[in-house]
Amino acid sequence: MLLGAGCASLPPSPDGGTPAGYREIRNEPHYQVAVRIGETAWPSPPLFRLPEAIIREGALSPGITPAQAEVVATHAARSVCQALAPWLQWTTADEGGRVVLEVQQIAASSRELAATSAVLGVFVPGPFRLPAGLGSLRINGRIEAPTGAPLVEIRWARGANPLLHGARVSSIGDAWELAPSHARDLRQALSQ
C-alpha cells in the first residue's frame, strides 16, 4: 500500500505548466502549488465580493456532469470564503475587490474502486484505499483589487492520495474532498 501511494498523480496541465513570474511552493507528481504576488497595494479596508467560481470549458472528465462540477466549484468557493475571513471583509454588494476561482480540471474518481475500497476497509485496520481510480482537482485562483489589478494569483492542482483521502462512492468524491485544501494553500500564501 505504501508503494502504491506514489501512484497518485495529476493529469497533464491544460495550459502547459507554471508560467513565468510564479513562485513554486510545491511541485510533486500529485500536488502542485505556484503563487504570484502582485505589486498593487491592498485596498483599505480589504472589502471583497463573495468568491465566484467559474468552470472552464473542457474541465470535466467523462463521468462528471455539469451539475456535479457546480457542486465541487461551490464547495471550493465556500472553503475560500471561510479560509480568508480573517483577512478579508466580505460583501454581497457589487463593490470592492474580486476573488475568482477558475476550475481547470476535475478528474473523476472511480466509483467502483471506491466502493471496493470501502468494503475492504471494513476488514483492514487503519486507513485503506486501493491506489487506483483516484480523482484530482485543478484550480487557478486570483484575488483582484477593485481596479482589477491582480493582488495574488495561485495555480493549484492536487490528486487524491490513497493514504490521506477516504473512498467516497461518487465520481466527484475526491474532488469534493480536495477542494478545501486549495483554500488552505491560498490562505498560506496570504499569511506569508
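What percentage of the 192 residues of the protein chain count as buried? It comes to 42%, where buried means under 20% relative accessible area, exposed over 50% and partly exposed in between, with a 1.4 Å probe and protein chains only. Before you click further: this is a predicted model, where local features need pLDDT of at least 70 and side-chain atom pairs pLDDT 80 or more, while totals for chains, interfaces and linings use all residues. Numbering starts from 1 along each chain as its sequence is written, and side-chain values use heavy atoms, leaving out hydrogens and water.

Switch to cartoon. You'll find three helices and eight strands in the protein chain, in the order β-β-β-β-α-β-β-α-β-β-α along the sequence. These are DSSP runs numbered from the N terminus: helices are H or I with at least four residues, strands E with at least two.

Next, select residues 98-107, which is strand E6, and pick out Gln105 in it. Gln105 counts as buried because its relative accessibility is 16%. Show side chains: that of Gln105 makes a polar contact with the side chain of Arg138 at 2.8 Å. Such a contact is a pair of N or O atoms within 3.5 Å; within protein, one must be able to donate a hydrogen and the other to accept it, and residues adjacent in sequence count only if both atoms are side-chain atoms.

Now the rings. Select Arg155 and Tyr22: the charged end of Arg155 sits over the Tyr22 ring, 5.4 Å from its centre. Then try Arg158, which lies over the face of Tyr31 at 4.2 Å from the ring centre. The rule here wants NZ of Lys or CZ of Arg within 6 Å of the ring centre and within 35 degrees of the ring normal.
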